[in-house]
Amino acid sequence: MESGAQRNAVIDTKLDIVPIDLKKVGLQEGFLKDEVAVVTGSASNVGLGYARAIAAAGGKVVITDINEAAGKEAERVINAENGADCALFVQCDVTSESDVKNLAKKAFGKFGKVDILINNAMNKALNGAIWSSPVSDLEKSFAIAARGTFLTIKEFLPNMLERGHGTILYSSTQFHYAPPMIGGGIYCAGKAAATSITMSLANEVNGTGVHVFCLAPAGVAREGKPTPAPAPVIPLPEPAEKPKRMGMPGFEGAVPPEACAVAMLYCLANAEKLHGSGILVSEALTAMDYPYPVPETVNRSGGARKLSQMELTLALCNMGPGFTG
Ligand SMILES: NC(=O)c1ccc[n+]([C@@H]2O[C@H](COP(=O)([O-])OP(=O)(O)OC[C@H]3O[C@@H](n4cnc5c(N)ncnc54)[C@H](O)[C@@H]3O)[C@@H](O)[C@H]2O)c1
């Protein structure tokens, strides 16, 4: 029998997607039944994968993005894949308090509650060298990542606390602080601030039933379409050693958004255990013994090996579960 993902696959779209098949990765279809998620920046790539995966797992999803055309198409596709009224698109600039309030109004109006908040929106163009970037780039980086994360938490957390139930996830670049990057300092400064807000929140809501953690994608893009990183305006010296290629061990090329998305679902299923942790998508995929590439466009060279219990613990809680209360 065909899987749900194959049965409902939507190929007539501009969004460049492939089916998400939960059965192949051991996740139960319907395990997010009755859950409602809001995913910011979910009109493309990582966020779109997250929104599609949540719907594929039986949840309702509010797609929200600054890009109206892509967001509407994402709504159409997710409803076609999973059934009408499963997805709602609300255009929102996460830096705008009134937009985020409107997002909350529409989300609560349509679905009555929000159980999962994924702060994922960001702008890759804010990627220039520190000394040559305008101050407005730094302000935008903080505005999208840190202010956006703060504003959405303020809108969606109170209802989660009232019900003693919820998950808040930040699409971090690393944990606590982001690593130094050539041409990524401005981008990572905003990401680090948002990560700090998220990790502090985990401490603040410890024991309330709301689980908070960071999940860092790495090298997620459709193969053959690497995510563009504009070169710094001032050329920098070549590093003595070429930086290691980012991506998931065992894969040639980029990690597909659908693989990143099932890793996120695995983390949602383990949210209580991951509270206060920072996880890499590649670690989650390895921990769940991700069996093979989802799309045919990805070549697997080695194969992720199964981790020992100790490695698994370290991988899933690489910042430690923390917050003993
Ligand atoms: N792709 C990766 O490998 C990778 C690696 C590390 C971290 N991340 C993080 O994951 C997240 C998603 O990455 P991606 O590669 O899918 O990025 P992307 O640029 O492809 O998608 C980001 C989305 O956010 C939206 N957006 C931008 N500004 C916004 C705003 N002000 N309000 C609302 N939406 C806005 C964009 O329209 C876009 O749809 C980012 O936060 C990024 O830092 C990604």
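Q: How are helix 2 and helix 3 oriented to each other, roughly parallel or roughly antiparallel?
A: In this predicted model, the axes of helix 2 and helix 3 (residues 68-82) come within 10 Å and cross at roughly 25°. Angles under 35 degrees count as roughly parallel, and therefore helix 2 is, relative to helix 3, roughly parallel.

Q: Which residues of helix 3 make the contact with helix 2, and how do the residues of that contact divide by class?
A: Helix 2 passes helix 3 in a right-handed crossing. From helix 2 the contact draws on Leu48, Ala51, Arg52, Ala55 and Ala56, and together with their partners these residues divide into six nonpolar, one polar and two charged. On the side of helix 3, the contact is made by Ala74, Ile78, Glu81 and Asn82.

Q: Why does helix 2 count as oblique to helix 7?
A: Helix 2 (residues 45-56) packs with helix 7 (residues 257-269) with their axes 8 Å apart, at an angle of about 55°. Angles under 35 degrees would count as roughly parallel and those from 65 to 115 as roughly perpendicular, so the angle between helix 2 and helix 7 makes the pair oblique.

Q: What is the handedness of the crossing of helix 2 and helix 7, and how many nonpolar residues does their contact have?
A: Helix 2 passes helix 7 in a right-handed crossing. Helix 2 contributes Asn45, Val46, Gly49, Tyr50, Arg52, Ala53 and Ile54, while helix 7 contributes Pro257, Glu258, Cys260, Ala261, Met264, Leu265 and Leu268. By class, this contact of helix 2 with helix 7 has two polar and two charged residues, and its nonpolar residues number 10.

Q: How many charged residues does the contact of helix 4 with helix 5 have?
A: Helix 4 (residues 97-111) and helix 5 (residues 135-163) pack at an angle of about 35°, with their axes 10 Å apart, and their crossing is right-handed. The contact is made by residues including Glu97 and Lys101 of helix 4 and Arg147 and Glu155 of helix 5. By class, the contact of helix 4 with helix 5 has seven nonpolar and two polar residues, and its charged residues number four.

Q: Which residue has a polar side-chain atom that lies 2.9 Å from an oxygen atom of the ligand?
A: Of the 23 residues around the ligand, those that come nearest are Asp65, Asn120, Tyr187, Lys191 and Val220. The polar side-chain atom that lies 2.9 Å from an oxygen atom of the ligand belongs to Lys124.

Technical notes:
Residues numbered from 1 in each chain as written. Predicted model: local features only at pLDDT ≥ 70, side-chain atom pairs only at ≥ 80, totals over all residues. Heavy atoms only, no water. Axes fitted to C-alpha atoms, helices over the stretch in contact; angles between N-to-C directions. Helix = DSSP H or I, 4+ residues; strand = E, 2+ residues; numbered from the N terminus. Parallel < 35°, antiparallel > 145°, perpendicular 65-115°, else oblique. Left-handed = near helix turned anticlockwise from the far one by under 90°. Contact = heavy atoms within 4.5 Å. Nonpolar A, V, L, I, M, F, W, Y, C, P; charged D, E, K, R; others polar. Near = heavy atom within 4 Å. Polar contact = N/O pair within 3.5 Å; in protein donor to acceptor, adjacent residues only side chain to side chain.
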